Amino acid sequence: MQPLCIFNVIPKVPVELESLWQIAHNYLFAWNSAIVDLFTYIDPDLWARSYGNPVWFLNHVEQSRYEELVADESYLRRLQIVLKILHEYQSAPSKYHLEGQEPGQPVVAYFSLEFAVALCLPIYSGGLGVLAGDHLKSASDLNLPLVGIGLAYRNGYFRQYMTPDGWQQERYPDYDFEQMPMRLALTPEGERAVVRLQIGERVLAAQIWECRVGRIPLYLMDSNISENPVDFRAVTARLYGGDAEMRLWQEMLLGMGGVRALEALGLRPQVIHMNEGHSAFAGLERIRSFMRNCNLSYEAAVELTSAGSVFTTHTPVPAGNDRFSPDLMYKYFSSYAQDMGLAFKVFMALGREDPYNDGEPFCMTVLALRLSRFNNGVSLLHGKVSRHMWNRIWPQYPEDDLPIGSITNGVHVPTWIGMEMGLLFDRFLGPTWREENSNPKIWKRVETIPDNEIWRAHERQRAALIDFVRLRFKNQLLAQGVRSSELQASEGILNPDALTIGFARRFATYKRANMLLMNKEELLKIVGNSDRPVQFVFAGKAHPKDNEGKQLMKEIIRTFRQPEFRDKMVFLEDYDMEVAQYMISGCDIWLNNPRRPLEACGTSGMKAMFNGVLQLSSLDGWWDEAWKPDNSLGWAIGKGEEYDDFEYQDLVELQTLYKVLGVDIIPEFYQRQNGVPRAWTARMKNALIELGPFFNSNRMVLDYMNQAYIPSFSNNLDLQKDNFRVSRELSEWRMGILTRWSNVRIGNVKSTSQKMLFVGDRIRVSADIFPAGIPLENLQVEIYAGKLNQDNNFISRDIVSMRPEGEMRDGWQSYSGEMPAGKTGRYGLSVRALPLHHLLPYRYSGLIHWANVE
């Protein structure tokens, strides 16, 4: 029998406490402990069960408790203080109002398939989502004009549990958005905001939810509405769920639907930032929108779209980039291409490394790279890896010159700092460290913290981790139905005074979670030493379809359950933001041993560093640029070598890992003076002082602002001048260059260089250029010089512009330039020509000519 009607019964919050709802609907609570304390005080046990969700919490507080709080004058005063904090935070004027910015309009729309903002908004799987959440929080703290665009997943990412034999299983909760800190978004006319998208022959509709992340609105599209058929309702059911067709639908909704969502909400950002290739269809939708609404040609719309697009790639392996078959793309994009005036083959070329290969799948990363003027990897090493991985898109360019730079990730320090370290920083770093954590002067004050103070704060965080592990591990065992004797024995696992090493991340095989287990004899020596005890805490998830990762996890869990390891090695199930918070704040060593160069960045180590946790890591991702050879900031596994033979690599690096542990780390940890490991605390403080100012998300977001957002915003406004006249002129200029470029010639290259030069000598280079009718102000001619390897390939380069010296016969032009012989070594040089336009700020048009070797 079905009910005739459905209704909810909730407590009636007294008028004196109604402002709790306003506080509960802003995710500022995710990085402001005063707000959390306000809720915890009401009912600590209920808050612990709420998964950090203040809206659910307020709806489940007993009515009698609300009546008690009304009579609690101390609580009412605390409520007013927190409300004032929220109001002052939200109303503070921004320092970043750009010239030409529309009042009340964002400059940037940040697109991401996942966001990790808080524990109670489970629309994330791992590092990509955590990075996106930290990006929004720092944008909020910096008060930047930015909005977020994503999807509202009814089942989120999977929750993990283990079978008795250690095999990962997945379950998917059904989340009630009305019980979460989010509200349905409204159009400027006050109506419910809905976007509609043509998917094949049917229409997909999605309502829009708004989450307030401090000052930043995050808009999430939700297809689970009655007007959709069942399969379309499932588009926003699970993050990374379903087959290739479902993934394509999700990415169409994120990219194309996201652009339409902005329009429905009356928002007109000039710049879009695509966080990974999932949202690359946003570029296509902007092109189509400009063509329709601004009466632009396809070529002019591409110029305008590219000028206002920023793309960040996070994936260092080709297999990690979404690719869709030509047949699937034809099914859903043949009419879309026609609507844009493109032959389907031309449309498909936008997503192909080789545009002439009709069998190549459509790659979202390639599409994003082709439609963005600013592209970047997420660490210096990852930028280099990305340029190598995508060099087929620009085959005539040297890898160092490919238009993919790098902005190294950072983490949102107020979110990830442990309570004890946060209180310590409040005392010694001053009241503004949370807002100014990219200021080197702030972190320089770490020198003033006494060794015993920083050590005791860290010990308290380790003790909190051990308590958390014991409780969580006990609950794991209860869920598995173990015997009471095993349950009782689990209460004493881990030693709160022992050296604690943490490993927590996605269980992809290249991350080598099982590396320690490759030599169990050495492992047993370490964990079995009662004089200098060492213990390990592991956590992580494998993708539901990654059976290799699941097998690694099973092997680890089976080892940890053996009697000789049981009390000293623990695997925590269902890795999430809460588990991460305890681990990165409570461990002594953060272990990270991926195969270089497959770790794009690895921000978990940064979070640990801000909590005084030292690193033991492969020189990959962020640690490749943070580590110092004297190990004053932490330790490295290897020296940055890359191997073709993985079995040999494991052997070499395993030996290094155990050597560093046995010779350096364990002895230093237990070398105490008055109970404090002085050399250890010196490393903790060194890392905070030297790495703190850089590896935070405030610095990262400001880098994006200065290097990408502001130039893209300005360039985009320039192209819109005079009713988009400049966009049209730029597209016409490019078409003119394309028709002439094949006729450009470089000849008669001469240089004064001899076989042997001395440091400081000047090298004069001349060349004859046939510009093929291209105006000289649109032609950049350059000397390209650098060190050579044994195969005569450039391993570094210096670029010097050449000057036109005058016209020669038959339209040829003479160019010359000179450069110094700066350092010793074996060098080579060449001459190249590129198109040049003042509205292409990155000196890149996709065309290049090189002088032929004669």
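Modeller: On a 1 Å grid over the protein atoms alone, a cavity is a set of points where a 1.4 Å probe fits but cannot get out, and its lining residues have an atom within 4 Å of a point. Grid points are joined across faces, edges and corners, and a volume is the space filled by probe spheres set on the points. A ground rule too: this is a predicted model, where local features need pLDDT of at least 70, side-chain atom pairs count only at pLDDT 80 or more, and totals for chains, interfaces and linings use all residues. Residues are numbered from 1 along each chain as its sequence is written, and side-chain values use heavy atoms, with hydrogens and water left out.

Biologist: How many cavities of 30 Å³ or more does the structure hold?

Modeller: The general idea is that rolling a probe the size of a water molecule over the atoms shows where empty space is left. Here that gives three cavities of 30 Å³ or more. The largest has about 50 Å³ of space, and its lining includes Glu276, His278, Asn321, Asp322, Met364 and Thr365.

Biologist: What classes of residue make up the lining of that largest cavity?

Modeller: For the classes, Ala, Val, Leu, Ile, Met, Phe, Trp, Tyr, Cys and Pro count as nonpolar, Asp, Glu, Lys and Arg as charged, and the others, Gly among them, as polar. The largest cavity's lining has one nonpolar, six polar and two charged residues. The second largest cavity, at about 40 Å³, has three nonpolar, four polar and two charged residues in its lining, among them Arg268, Gln270 and Phe713.

Biologist: Thr365 lines the largest cavity. Is Thr365 buried or exposed?

Modeller: Read that from relative accessible area: buried is under 20%, exposed over 50%, partly exposed in between (1.4 Å probe, protein chains only). Thr365 is at 1%, so it counts as buried. Thr365 sits in helix H14; helices (H or I, at least four residues) and strands (E, at least two) are DSSP runs, numbered from the N terminus. With contact meaning heavy atoms within 4.5 Å, Thr365 touches Glu276, Phe311, Thr313, Asn321 and Trp390, not counting residues up to four places away in sequence.

Biologist: What about Phe694 and Phe695?

Modeller: Those two are also an edge-to-face pair, 4.9 Å centre to centre with 85 degrees between the planes. Phe694 is partly exposed at 32%, while Phe695 is buried at 4%. There's a cluster as well, made up of Phe281, Tyr330, Phe333, Tyr336, Phe344, Phe347 and Phe362.

Biologist: Which ring does the charged end of Lys541 sit over?

Modeller: A charge sits over a ring if NZ of Lys or CZ of Arg is within 6 Å of the ring centre and within 35 degrees of the ring normal. Lys541 sits over the ring of Phe158, 4.9 Å from its centre. Arg672 lies over the face of Phe669, with 4.9 Å to the ring centre.

Biologist: Last one, the backbone. Where is the cis peptide bond?

Modeller: From Arg596 to Pro597, with omega near 5 degrees. Pro597 is in the loop between strand E18 (589-592) and helix H24 (604-610). Check phi too: Asp574 has a positive value near 60 degrees although it is a residue other than glycine, and Asp574 is buried at 6%.

How values were computed
Phe/Tyr/Trp six-rings, centres within 6.5 Å; stacked < 30°, edge-to-face > 60°. 1 Å grid on protein atoms, 1.4 Å probe; cavity = no way out; pocket = protein on both sides within 12 Å on 5 of 7 lines; lining within 4 Å.
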